[in-house]
Amino acid sequence: RPEEALPVFEAHLALSRRREEWTHKEEEILDAQDSVADCLCDLGRHDEALVLRRVIYARRVVLQGVSHETTILSGSNLAHSLIKLGHWDEVTTLLRDQLLPVA
């Protein structure tokens with residue numbers, strides 16, 4: 001149930017941001033943000049999810065490159081959020097220019 005899961009994912013995100021000893025701290029934060037975004041989508045809070053998905057995708061492109069499987073998955077999640085909100089021009093550009101060439 002997403003309404004019960006959201007506070008858990010948000011707490012995990014907060015913990016991920018505080019734990020400096022983690023080797024892949026930014027990766028852990030991105031994964032936690034992704035869980036929060038998924039939950040927000042499940043709750044129909046697509047505007048909030050879109051904000052997170054943009055950040056996640058942009059950081060993964062920088063950290064891993066456009067052809068890495070997690071970057072492609074993050075781009076797909078971003079496309080899903082854009083579709084839910086009816087941002088057709090932006091999703092078309094994302095799919096055509098960034099995701100399809102590397103898939």
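This is a predicted model: local features need pLDDT of at least 70, side-chain atom pairs count only at pLDDT 80 or more; totals for chains, interfaces and linings use all residues.
Next, select α3 itself, residues 46–64. The end C-alpha atoms of α3 are 26 Å apart; at 1.5 Å a residue, 19 residues should span 27 Å, so the two values agree. Now show the side chains of H46, A49, L50, L52, R53, I56, Y57 and R60, which are the buried residues of α3. An α-helix has 3.6 residues a turn, so residues three or four places apart point the same way.

Move on to S81, which lies in helix α4. Is S81 buried or exposed? S81 has 0% relative accessibility, so it counts as buried. Leaving aside residues up to four places away in sequence, S81 touches C41, A49, L50 and R53. Three of these names, A49, L50 and R53, are also in the list of buried α3 residues.

Last, select α4 (residues 69–84) together with α5 (residues 88–99). The two helices pack at an angle of about 160°, and their axes are 8 Å apart. Because angles over 145 degrees count as roughly antiparallel, α4 is roughly antiparallel to α5. Their crossing is left-handed. On the α4 side, colour I72, G75, S76, L78, A79, L82 and I83; on the α5 side, colour W88, E90, V91, L94, L95 and L99. These residues make the contact, and they divide into ten nonpolar, two polar and one charged.

Terms used: Residues are numbered from 1 along each chain as its sequence is written. Side-chain values use heavy atoms; hydrogens and water are left out. Axes are lines fitted to C-alpha atoms, for helices over the stretch in contact, and angles run from 0 to 180 degrees between N-to-C directions. Helices (H or I, at least four residues) and strands (E, at least two) are DSSP runs, numbered from the N terminus. Angles under 35 degrees count as roughly parallel, over 145 as roughly antiparallel, 65 to 115 as roughly perpendicular and the rest as oblique. A crossing is left-handed if the near helix is turned anticlockwise from the far one by less than a right angle, and right-handed if clockwise. Contact means heavy atoms within 4.5 Å. Ala, Val, Leu, Ile, Met, Phe, Trp, Tyr, Cys and Pro count as nonpolar, Asp, Glu, Lys and Arg as charged, and the others, Gly among them, as polar. Buried means under 20% relative accessible area, exposed over 50%, partly exposed in between (1.4 Å probe, protein chains only). The expected span of a helix is 1.5 Å times one less than its number of residues.
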